[in-house]
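I opened the model today and kept notes as I went. The entries follow the order in which I looked things up.

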Amino acid sequence: MSYRDSHLEKGADYDLALARDPFDAYMARREREIVVAILARLQRAGVRRTLDFACGTGRITQLLDGVAEACFAVDVSASMVAEARAKCPRTQFFIQDIIDTPLPIAPVQLVTAFRFFGNAEDSLRARVLEAIRRSLAPGGYLLLNDHENPWALQRLLRRLVGERAQADLHHWKLRRLLRHAGFRVRRAFGIGLWIYRAKLERPDVLNSRWADVLELLSRVPFLSRFCPDAVILAQRT
Ligand SMILES: C[S@@+](CC[C@H](N)C(=O)[O-])C[C@H]1O[C@@H](n2cnc3c(N)ncnc32)[C@H](O)[C@@H]1O
């Protein structure tokens with residue numbers, strides 16, 4: 001099965017599943033902090049029209065809905081979009097695959113794509129990046145994340161004891177994909193470098209003041225490559 005069809009029936013359960021898993025909830029919280037800060041900067045730089053690709057239940061769309069002048073979102077899953085609509089009154093939604101059919105809108109200045117590339121297969125990644133590039137105005141931005149980094153400290157340590165991860169999208173591979181698709185990486189913001197063992201993925205640890213302090217390590221530029229999750233700002237060349 002292609003990743004494209006993975007969430008067709010998951011709309012009703014998705015938000016709860018993310019909230020229930022302490023580590024997913026932690027990544028979602030940190031992603032939100034980073035996205036809000038980046039959006040404020042992009043707005044000051046004149047970004048007005050946005051598209052949330054693979055919007056799902058609107059986790060990121062709702063952040064754009066509050067600030068963009070024109071906000072669009074697209075996903076192939078009607079059940080996911082049904083949840084998103086309720087949270088995003090200003091957003092125009094499309095249920096379609098932009099690989100097959102371009103959206104009937106003028107180019108946007110920012111596309112977001114979260115929790116998609118880490119899971120998708122290579123051929124889907126490349127075709128989606130092509131379609132996103134077509135949806136973007138020249139010089140427009142792509143803000144995406146990779147929450148399946150096989151080079152995250154925890155996964156590297158597991159490899160030492162013989163465990164093999166299925167995830168394959170490490171930082172350099174993602175950079176290469178982006179470069180081939182006509183994007184240049186501008187910034188990478190790591191999340192969760194310090195969570196190097198499963199024992200740390202407990203709510204009392206993840207929500208502690210220590211976590212806020214340790215999280216600063218993830219922001220050391222080169223170290224984002226070894227974080228389990230990273231938010232990446234790329235620009236159309
Ligand atoms: C894990 S969810 C992420 C949802 C949301 N972006 C988030 O971060 O919470 C992945 C989403 O990608 C969508 N998807 C997969 N392939 C797609 C495609 N070719 N075009 C649009 N959406 C797609 C799925 O339907 C699903 O809703």
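**Entry 1: a charged pair in α5**

I began in helix α5, where aspartate 122 and arginine 125 both sit, 3 residues apart, about one turn of the helix. I am working from a predicted model. The two side chains form a salt bridge, 2.8 Å from N to O. I then checked cover. Aspartate 122 is partly exposed, at 38% relative accessible area. Arginine 125 is buried, at 1%.

I also looked up serine 135 in the helix α5, which spans residues 122-135. Is serine 135 buried or exposed? I found a relative accessible area of 16%, so serine 135 is buried, the cut-off being under 20%. Next I asked what serine 135 touches, leaving aside neighbours within four places in sequence. I listed Leu51, Ile98, Pro107 and Val108.

**Entry 2: other salt bridges**

I counted salt bridges over the structure and got 16. One of them joins aspartate 97 to arginine 4, with the closest N and O atoms 2.6 Å apart. Aspartate 97 is in the loop between β3 (91-95) and β4 (108-113), and arginine 4 is in the segment before α1 (11-20), so this pair ties together parts that are 93 residues apart in sequence. Aspartate 97 is buried, at 11%. Arginine 4 is partly exposed, at 33%.

I noted another bridge between arginine 202 and aspartate 204, again by the closest N and O atoms, at 2.8 Å. Arginine 202 is partly exposed, with 41% relative accessible area. Aspartate 204 reaches 51% and counts as exposed. I also found a network of salt bridges that links Arg29, Arg30, Glu33 and Asp212.

**Entry 3: aromatic rings**

I searched the whole structure for aromatic pairs and found 9. For phenylalanine 116 and phenylalanine 117, the ring centres are 5.0 Å apart and the planes stand at 90°, so I logged the pair as edge-to-face. Both phenylalanine 116 and phenylalanine 117 are buried. Tryptophan 151 and tryptophan 172 have ring centres 5.5 Å apart and planes at 55°, so that pair is tilted. The tryptophan pair links distant parts of the chain, 21 residues apart: tryptophan 151 is in the loop between β5 (136-146) and α6, and tryptophan 172 is in helix α7. Tryptophan 151 is partly exposed, at 32%. Tryptophan 172 is partly exposed, also with a value of 32%.

Which residues form one aromatic cluster with Phe116 and Phe117? I found Tyr3 and Phe53 there.

**Entry 4: the two sides of α7**

I stayed with α7 and looked for its buried residues. They are His171, Lys173, Leu174, Leu177 and Leu178. I got an arc of only 165° around the axis for them, which puts them on the same side of α7. Arg179 and His180 are exposed on the other side. What covers the buried residues of α7? I found that the cover includes α5, β5, β6 (183-191) and β7 (229-236). Just after α7, I noted glycine 182 with a positive phi of about 90°.

**Entry 5: a nonpolar patch**

Last, I looked at the surface. Leu153, Leu157, Leu160, Val161 and Tyr196 form a nonpolar patch there. Together they have about 510 Å² of accessible area. I checked valine 161 on its own. Valine 161 lies in the loop between α6 (153-160) and α7 (171-180). At 68% relative accessibility, valine 161 counts as exposed.

Notes:
Residues numbered from 1 in each chain as written. Predicted model: local features only at pLDDT ≥ 70, side-chain atom pairs only at ≥ 80, totals over all residues. Heavy atoms only, no water. Patch = residues over 30% accessible without salt bridge, like charges linked within 9 Å, V, L, I, M, F, W, Y side chains within 5 Å. Areas by Shrake-Rupley, 256 points an atom, 1.4 Å probe, with all protein chains shown as cover. Salt bridge = Lys/Arg side-chain N within 4 Å of Asp/Glu carboxyl O. Helix = DSSP H or I, 4+ residues; strand = E, 2+ residues; numbered from the N terminus. Buried < 20%, exposed > 50% of the residue type's maximum accessible area, 1.4 Å probe, protein only. Contact = heavy atoms within 4.5 Å. Phe/Tyr/Trp six-rings, centres within 6.5 Å; stacked < 30°, edge-to-face > 60°. Arc of directions from axis to C-beta.
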